[in-house]
Amino acid sequence: MSSTTSHDSTHALPARPKELAMHFDTLHQQYQSAKLGMWLFLAQEILFFAGLFCAYAVYRGNHPEMFHDAHFFLDTKLGAINTVVLLCSSLTAAWSVRCAQLEQRKGLIATIVLTILAACTFMVIKYFEYSHKVHIGAVWGESFGIVDAAHNLPQSLLDAYPGKSAEEVAALLKQNNTGTFFSIYFCMTGLHGIHVLIGIGVYLWLLSRAVKGHFNRKYYAAVDNVALYWHIVDIIWIFLFPLLYLIG
Amino acid sequence: MADGHAEHGHNEALEGTIGHVSNPATLVKVLITLLALTGLTVAATYVNLGRLNVIGALAIASVKASIVALWFMHLRYDKRYNFFVLVSAFALVAFFIGVVLLDTTLYQDGITEYRAQHPAAGK
């Protein structure tokens, strides 16, 4: 049908932005497609974590006393600090999208760096929590066994068993399969931690692109979608924090 | 919400910008609300309400998650289909966990009884 026109077809086409992939008509269409793809991925992430939340629900439903005993080993203060750190990083992530939309390159770089720093802070705190648990023997499954119970059992746990010595309480925990709680704890927080590490990696990639000035008001889907991923990581922690640290 | 009007009042978006640009005041208010709810959920553990403690903690977490989704994740201003993707994911999780929990406590007595009769089993 182009043979009926005298013009060469390439002349009739408007100039295509360099960021526009060949299979899209407009940058807006490209942006909406990328975003829908990201949301579908996030739905998969929620279902992925659902299996662990289900395991948690089943074991807590059957053994509430084991969860109650085990939660004394978790440091509520560190958990709360990490919640605040992640919430603040969600603000900087949301702000980075705004900076990209408004073409504020310095602001974009600053908010990405702040998000990465918050993510690293979260992982450092997590490292201290993990290493302490491994050190005292509050670990997964059959490996569970408190080392030097007199020194390492939390006082609040001993208060819950008046008249029992620390060694007796430690033996009781072992007998009640308290290691199952820590299997669930390490799987849930570990998988979440892996997501935080991946988030750091993706934000470093965004940082290099932001420094090169790749983003503008019509082309920032990468910043937006990474922020969406980061918010889902935050939402999962919003549920993990009360379920693991605030059993009381 | 009242913010919606204010945001339309002075739209900072550059000409031709794709998508909704968040208002800085709104973002800060969202963070403050989330921090306040975190404080509330920690404070609630000092009150013993039995089963209501877990339900309350999950309710507060759900409110926090909704706030993050609606404002930080722009769902309030976004295409409706993105909203349905998220809601259907959570609906499937609720269905999944709900169905599993229907009969999960029915077997524990049998396990306890079996363990009592066979002390050496499973060790």
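How many residues does the contact take from chain B and from chain A? In this predicted model, in which local features need pLDDT of at least 70, side-chain atom pairs count only at pLDDT 80 or more and totals for chains, interfaces and linings use all residues, side-chain values rest on heavy atoms, with hydrogens and water left out. Residues are numbered from 1 along each chain as its sequence is written, while chains are lettered from A and ligands numbered from 1 in the order in which they are written.

The contact between the two chains, where contact means heavy atoms within 4.5 Å, takes 54 residues from chain B and 50 residues from chain A. The size of an interface is often given as the accessible area lost when the parts come together. On the side of chain B that touches chain A, helices α2 (24-44), α3, α4 and α5 (108-117) of chain B each supply at least two residues, and α4(B) gives the most, with 12 residues; helices here are DSSP runs of H or I with at least four residues, strands are runs of E with at least two, and both are numbered from the N terminus. Between chain B and chain A the count is two salt bridges, a salt bridge being a side-chain nitrogen of Lys or Arg within 4 Å of a carboxyl oxygen of Asp or Glu.

Over all chains, the structure holds six salt bridges. Among the residues involved, Lys35(A), Asp224(A) and Asp78(B) are linked in a network. The side chains of Lys35(A) and Asp224(A) meet at 3.2 Å, N to O, and this pair links distant parts of the chain, with Lys35(A) in helix α2 (residues 27-62) of chain A and Asp224(A) in helix α10 of chain A, 189 residues apart. The side chains of Asp78(B) and Lys35(A) also form a salt bridge, at 3.3 Å, N to O; because Asp78(B) lies in the loop between α3 (52-72) and α4 (80-101) of chain B and Lys35(A) in helix α2 of chain A, this pair joins two chains. With buried taken as under 20% relative accessible area, exposed as over 50% and partly exposed as in between (1.4 Å probe, protein chains only), Lys35(A) is buried at 3%, Asp224(A) at 2% and Asp78(B) at 13%.

A further salt bridge pairs Glu129(A) with Lys126(A), the closest N and O atoms being 3.3 Å apart. Because these residues are three apart in helix α5 (residues 105-136) of chain A, about one helical turn separates Glu129(A) and Lys126(A). Glu129(A) is buried, with a relative accessible area of 3%, and Lys126(A) likewise counts as buried, at 2%.

Leaving aside neighbours within four places in sequence, Tyr203(A) is in contact with residues including Ile112(A), Ile116(A), Val226(A) and Trp230(A).
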